[in-house]
Amino acid sequence: MLGAGAIGGYVGACLARAGLDVTLVARGAHLAAIRSRGIRVLSPDGDFHASPCATDDIAAVSGANVVFLGLKAYSLPQVAADLHRALRPGTAVIAAQNGIPWWYFQGRPGPHRDLVIESVDPGGVVTAAIDPASVVGCVVYPAAEITEPGVIRHRLSLGEPDESKSERCGEISRAFRSGGLRAPVATDLRSQIWLKVIGNAALNPVTALLGVTLGQLGESPAAIRLVRAVMTECASVASALGVVLPVSVDQRLAGAIAVGDHRTSMLQDRLAGKPLEIDCLTGAVAEIAGRAGVDVPQTRAVHDLITALGDLGDPSAAR
């Protein structure tokens, strides 16, 4: 598990609980806590404790059959060269990043075939580092957060980028299920990617800008109008790429607000003083929209605002 934060740590703990050979690659206080007392997962399905191996050495991936990327999207280009050196041929690489993944257009028929999304993969360093044949797509749904070092509160969908059904995805799914994870194999992964993106590209930055939970967001008609506008623009970009969303924008929005007292990952990062995961969401949507000829003014405005927050620092933190 490369990047054993909220999602990577949760998945790793579930697999370790099932008796699988798991190594977490983490750092800082989280790594120290895992080494000293393991991981405690707080979940509606039942709390549990696991003690997987943990290290800060990326070379640990060299002996793995499967590498799960739990890093923030902006961190992956920074470790791409080291990851390339450590990966052995044939290793499956599960890409669990938020937003539009770097591999989205790899081998994809159409006018954007093999397009490198600069917002996600500047200079194509990740594309060059990870063999496309190794990539297994993944959409992560659990609302996970680190409540304190070594403590994680709590469905992952897996799929081949070429939308085929493969034995390796089936094996990985079975391994995940043995750990209590819901991990179905999907042949329409891009529709699920966009279903998540239309929500996250709107909800994450707006909640981070306002400093509110999803439930609190629903109390402001003005905020809901803005979020719905961004979601509608994102859905238009998906449609331009031939993606059919399984639910409507209003259904997606209602489902998010119904989550209630939950802080989005971007709000969590803002409150923790961490970099914000912007470019793989609003940045990627705006970039693809430009290439597809779709106008997304509200998305660009929200992108500029949340980028400015990152540029200027958080005034509420200064206070």
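Predicted model: local features only at pLDDT ≥ 70, side-chain atom pairs only at ≥ 80, totals over all residues.
Let's back up into α8 itself, which covers residues 221-240.

Now, which residues of α8 are buried? The list is A223, I224, V227, V230, M231, E233, C234, A235, V237 and A238. You'll notice that E233 is in there along with the likes of I224 and V227. As for what they pack against, the buried residues of α8 meet α6 (189-210), α7 (214-217), α9 (249-257), α11 (279-292) and α12 (297-312).

In soluble globular proteins, nonpolar side chains tend to be buried together. Here, the largest nonpolar core has 72 residues, and the ones with the most contacts inside it are L69, L83, I100, W102, I130 and W194. Helix α6 gives the largest share of this core, 11 residues.

Take L69 as an example. Leaving out residues up to four places away in sequence, L69 touches L2, L76, L83, V93, I94, A96, Q97, W102 and I130. There's also a second, separate core of 31 residues, with C14, A26, A54 and L158 among them.

The largest cavity holds about 90 Å³. It has 13 lining residues, and Q97, G99, C138, V139 and I193 are the ones nearest its centre. Both β7 (135-140) and α6 supply at least two residues of that lining. By class, the lining has 9 nonpolar, 3 polar and 1 charged residues.

The second largest cavity comes in at about 40 Å³. Who lines that one? A73, L76, Q97, P101, W102, V120 and V126 do. That lining splits into 6 nonpolar, 1 polar and no charged residues.

Last stop, the second largest pocket, with a volume of about 460 Å³. Of its 19 lining residues, D21, V22, A64, N65 and V66 lie nearest the centre. Strands β1 (23-25) and β5 (66-69) and helix α5 (167-178) each give two or more residues to the lining. Sorted by class, the lining of this pocket has 15 nonpolar, 3 polar and 1 charged.

Terms used
Residues numbered from 1 in each chain as written. Heavy atoms only, no water. Helix = DSSP H or I, 4+ residues; strand = E, 2+ residues; numbered from the N terminus. Expected span 1.5 Å × (residues − 1). Buried < 20%, exposed > 50% of the residue type's maximum accessible area, 1.4 Å probe, protein only. Contact = heavy atoms within 4.5 Å. Core = buried A, V, L, I, M, F, W, Y, C linked by side-chain atoms within 4.5 Å. 1 Å grid on protein atoms, 1.4 Å probe; cavity = no way out; pocket = protein on both sides within 12 Å on 5 of 7 lines; lining within 4 Å. Points joined across faces, edges and corners; volume = space filled by probe spheres on them. Nonpolar A, V, L, I, M, F, W, Y, C, P; charged D, E, K, R; others polar.
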